[in-house]
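Subject: Structure handover

Hello,

Here is the structure for you to look over. My notes follow below it.

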Amino acid sequence: HYLFDNKPATSKKMPVKFKLLWANMIYLFIFFTLKVAVSTDVVPLLDQLFPEHSISSAFEKHPLLSRVFEAEECSEEEIPNLSLYSNNYTFVDGNRHKMQDLRLHQASWLFQFNDLDLVFRQTGVEHKMTKKISLGGGMEAIQELPRTDINTVEKILTRFEAGYSLLINKIQRHWIPLLTYSRLLEDGTNLPRVGANLYVTPPNAAAFDSHWDPMDVIVVQVYGQKYWNVAKDPTVYLSNPQLKHKPTLEELDIPHYPTFLMKPGDVLYIPRGFLHNASTIGLFDKSLHVTFGVEPELAAVKDLIEHAIDPEFHPSIHKISLQNNTHNLLRESLHAWRIDRDIPELFEEALNKVEAIAETMEDLEFAKACKEAKSQIDSAISKLKDKANEKTEDFRKMDDTWIEASKDLSNR
């Protein structure tokens, strides 16, 4: 104000162009200050679930538990974890919210028990009911009910009261909030496919044996509580569908983190290949959680190499990718945190390892092809991105078709 209007009479008048320059500088300062202030408060979904970018360092490396409230007791052996603080805030639609309140609201928004009625009025629902039973002599088994015993809501409720747990696969095709959440996770990880499975467990019950999944999973506890047990190290490093098998007794006997309790709003990340199990044994209320499976298909280092190398060598690359060594680079996914930053370095490192294996095999043509492929990184990334995006769109169209078929029910 002083510069423009209250200058002493003896001073020279400021030229118009300098007035405009000052005005623009002040305007730009205010604009960028406000922009930074707002952008730091708008938190993407993955950072809401796992604050401070913690998921980026854990992805495909180790499990991570994100609690709404800090645990009363913690030990050094506990699973890697973090908690939301009461002074953590974020903005949604222009309104300021505590992140603890937002997480609890999101969990309850995803699904409620009453929503099961609307889901089962739709066609094509993929569901099953299982229960862990005793065979005597310390032996246990998982019993799965035939479809004819669970083909109505009434039958499902009866079996649930008898101790059977309900699993609904691909539930994002029947419930819009879960479809929305799945797509936000797809966008956040930059991987082609995220699907959702729903688990409803009665009190004091278990439904599955210890197992590992061929995809990374993000578990959201929606209602009730559940005990979880997760291995400290992978049984199959970066497992995929081809490597999936029932764990042997020797594989089951590996170090696990101490059993922990998940409460509403808590979120758990488990990398593929890590043994885990969950139950409500010792609890007196039912539990509902949703597991989001993050699939790396068409978005792994192996896929990238195949886009840079002659197809005649693809079987050899596939065979190398299935080797269960300590650190198989070929099965690493090209998730969002490295897609534009680390990929060239990762690509070259993986090709060097494949080339070394080819030389050990005395396959000179294969080794030569690996050397030549190192100049194809940019082209390979572009092709793979296009193919992965195409697959994502195909899956989304398929899900939209299911949602559209039951639009009235899903909108309710």
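A nonpolar core, as used here, is a set of buried Ala, Val, Leu, Ile, Met, Phe, Trp, Tyr and Cys residues joined through side-chain atoms within 4.5 Å. Buried means under 20% relative accessible area. Please keep in mind that this is a predicted model.

Cores

The largest nonpolar core holds 47 residues. Phe111, Ile168, Leu185, Leu198, Ile218 and Phe292 have the most contacts inside it. Take Phe292. Leaving aside neighbours within four places in sequence, Phe292 is in contact with residues including Leu110, Leu178, Tyr181, Leu185, Val194, Val217, Ile218 and Val220. Ser182, Gly195, Ala196 and Asp216 are also among the contacts of Phe292. Another core, of 27 residues, lies apart from the largest one. Leu329, Leu346, Ala358 and Phe366 are among its residues.

Overall fold

The protein chain has 15 helices and 14 strands. Of its 412 residues, 45% are buried. The chain exposes about 22000 Å², and carbon and sulfur atoms supply 54% of that area. Among contacts with a separation of 6 or more, 77% join residues 24 or more positions apart. Ser108 sits in helix α5 (residues 99-110). Ser108 is partly exposed, with a relative accessible area of 34%.

Largest pocket

How much space lies in the largest pocket? About 710 Å³. There are 36 lining residues, and the closest to the pocket centre are Leu167, Asn197, Tyr199, His211 and Asp213. Two or more lining residues come from each of β7 (165-169), β8 (193-201), β9 (216-223), β10 (226-230), β13 (276-279) and β14 (287-295). Strand β8 gives the largest share, six residues. By type, the lining divides into 13 nonpolar, 14 polar and nine charged residues.

Backbone points to check

Most residues other than glycine have a negative phi. Glu60 lies in the loop between α4 (54-58) and β1 (64-67). Is Glu60 buried or exposed? Glu60 is buried, because its relative accessible area is 6%, under the 20% limit. Asn204 belongs to the loop between β8 and β9. Asn204 is partly exposed, at 49% relative accessible area.

Best regards

Notes
Residues are numbered from 1 along each chain as its sequence is written. This is a predicted model: local features need pLDDT of at least 70, side-chain atom pairs count only at pLDDT 80 or more; totals for chains, interfaces and linings use all residues. Side-chain values use heavy atoms; hydrogens and water are left out. On a 1 Å grid over the protein atoms alone, a cavity is a set of points where a 1.4 Å probe fits but cannot get out, and a pocket is an open set with protein on both sides within 12 Å along at least five of seven lines; lining residues have an atom within 4 Å of a point. Grid points are joined across faces, edges and corners, and a volume is the space filled by probe spheres set on the points. Helices (H or I, at least four residues) and strands (E, at least two) are DSSP runs, numbered from the N terminus. Ala, Val, Leu, Ile, Met, Phe, Trp, Tyr, Cys and Pro count as nonpolar, Asp, Glu, Lys and Arg as charged, and the others, Gly among them, as polar. Buried means under 20% relative accessible area, exposed over 50%, partly exposed in between (1.4 Å probe, protein chains only). Contact means heavy atoms within 4.5 Å. Accessible areas come from the Shrake-Rupley method with a 1.4 Å probe; for residues, only the protein chains shown count as cover.
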